[in-house]
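Biologist: Please walk me through this one. I will ask as I go.

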Amino acid sequence: MNLRAGSEEDFGAVATMITNDCINCGACEPECPNNAISQGENLYVIDPLLCTECVGFHDYEACAAVCPVDCCVTDPNNIETEEALIARARALHPEVNFGEQFESRFRKGAGKPATSGAAKKPEPAAAAAARSEAPPAAAADRQPGPAPEEDLQALLAKLPEVDEWQIPVRCFRCGQSYEVPAERFMIGNVLFCPHCFKSMVVKDSLSFQIRTTLKQAYEKWQKARAELEAKRARELKEFYEKRARELEAFIDSERRSIEQVKDQLRAITETYDAPGRIKKGNLLGWG
């Protein structure tokens with residue numbers, strides 16, 4: 001069961017938690033099939049009585065899937081069973097026919113999505129009207145924050161090995177084109193056209209040009225990727241340092257505000273002219 005972000009004491013017995021790494025981007029809120037996610041004071045929170053870890057609707061947890069900073073995490077020490085989660089889903093969505101073969105992260109890909117009824121609970125009429133009147137937010141307006149650094153290599157195109165490149169060759173005899181692996185372009189190698197079976201000998205100039213072209217291309221790509229990784233690491237560090245400074249400034253401001261309120265309360269009680277209070281100078285006289 002999910003719970004709001006907070007201290008370890010706040011979490012209690014839960015299976016999935018939103019941590020304090022939440023950047024308040026709001027990507028998770030519209031993905032929840034139970035409307036369990038809402039915006040808290042500083043970050044998004046999840047109602048533990050509504051969360052079913054998406055059992056019955058998906059074979060994954062939708063909030064974790066769309067979170068740009070991976071702050072929806074699983075607590076391995078506090079796991080809820082599939083039976084408890086689907087029972088909660090059925091109680092929350094009596095209009096939905098989940099059946100026995102439902103989507104579940106416990107059996108990824110084995111189930112089928114719920115077949116009847118809406119995935120989300122109906123909105124109140126006022127909320128629905130407000131949503132229909134408000135213009136849809138552009139995707140570019142949402143700031144998801146830096147993507148996890150470990151995802152960078154998965155996003156970039158995989159470069160083939162140098163010798164795996166297929167070099168296009170045009171036969172000087174028949175004029176037809178064919179491809180030859182780069183590893184074959186060694187000085188003295190004989191290449192045969194698959195169309196007319198005429199041969200061509202690889203000379204040092206041809207081998208040099210191909211190897212030099214590939215070498216320069218790889219050096220350029222590797223340099224660009226290294227610069228991108230360094231830039232992302234620098235921006236990510238600056239982002240978290242800025243967040244830490246903002247949090248520290250907020251804590252200091254709140255602490256000063258608390259002390260100010262204490263001083264105000266102290267001043268109120270010290271200056272209060274309560275009935276029966278003995279005033280200075282009147283101890284021996286008539287009041």
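Biologist: How many residues sit between β6 and β7 in the hairpin?

Modeller: Six residues sit between β6 and β7. Gly175 is in that turn, with a positive phi of about 80 degrees. Helices and strands here are DSSP runs numbered from the N terminus: helices are H or I with at least four residues, strands are E with at least two.

Biologist: What should I know before reading on?

Modeller: This is a predicted model, where local features need pLDDT of at least 70 and side-chain atom pairs count only at pLDDT 80 or more, while totals for chains, interfaces and linings use all residues. Residues are numbered from 1 along each chain as its sequence is written, and side-chain values use heavy atoms, with hydrogens and water left out.

Biologist: Which side chains of β6 are buried?

Modeller: Ile167 and Val169 are buried and point to one face of β6, which covers residues 166-170. Buried means under 20% relative accessible area, exposed means over 50%, and partly exposed is in between (1.4 Å probe, protein chains only). In a regular strand, side chains alternate between the two faces of the sheet.

Biologist: Zooming out, how many helices and strands are there?

Modeller: The protein has six helices and nine strands. It has 287 residues, and 26% of them count as buried.

Biologist: Where is the confidence lowest, and where highest?

Modeller: Helix α1 (residues 8-11) is lowest, with a mean of 37, and β7 is highest, at 93. That score is pLDDT, the predictor's confidence in each residue, from 0 to 100. Its average for the protein is 78, and 74% of the residues score at least 70.

Biologist: Over which residues does pLDDT stay under 50?

Modeller: Residues 1-14, where the model has 45 contacts beyond four places in sequence. A contact means heavy atoms within 4.5 Å. Residues 111-149 are also below 50, and that stretch has 62 contacts beyond near neighbours in sequence. Where pLDDT is low, the predicted coordinates should not be read in detail.

Biologist: Switching topic: how many salt bridges does a search of the whole structure find?

Modeller: Ten. A salt bridge is a side-chain nitrogen of Lys or Arg within 4 Å of a carboxyl oxygen of Asp or Glu. One of them joins Arg211 and Asp163, at 3.0 Å from N to O. Arg211 is in helix α6 (residues 204-271) and Asp163 is in the loop between α5 (152-155) and β6, so the pair links distant parts of the chain, 48 residues apart.

Biologist: Which residue forms a salt bridge with Glu80?

Modeller: Arg88, with the closest N and O atoms 3.2 Å apart. Glu80 is buried, at a relative accessible area of 18%, and Arg88 is buried at 17%.

Biologist: What separates Asp263 and Arg266 in helix α6?

Modeller: About one helical turn, because they are three residues apart in α6. Asp263 and Arg266 also form a salt bridge, the closest N and O atoms being 2.7 Å apart.

Biologist: Which residues are linked in a network of salt bridges?

Modeller: Glu53, Glu61 and Arg105.

Biologist: What about backbone angles: what is phi of Cys54?

Modeller: Phi of Cys54 is near 65 degrees, a positive value in a residue other than glycine. Most residues other than glycine have a negative phi. Cys54 lies in the loop between β4 (44-46) and α2 (62-66), and it is buried, with a relative accessible area of 8%. Asn24 also has a positive phi, near 65 degrees. Asn24 is in the loop between β2 (16-18) and β3 (37-39), and is partly exposed at 26%.

Definitions and conventions: Pairing = 2+ DSSP bridges.
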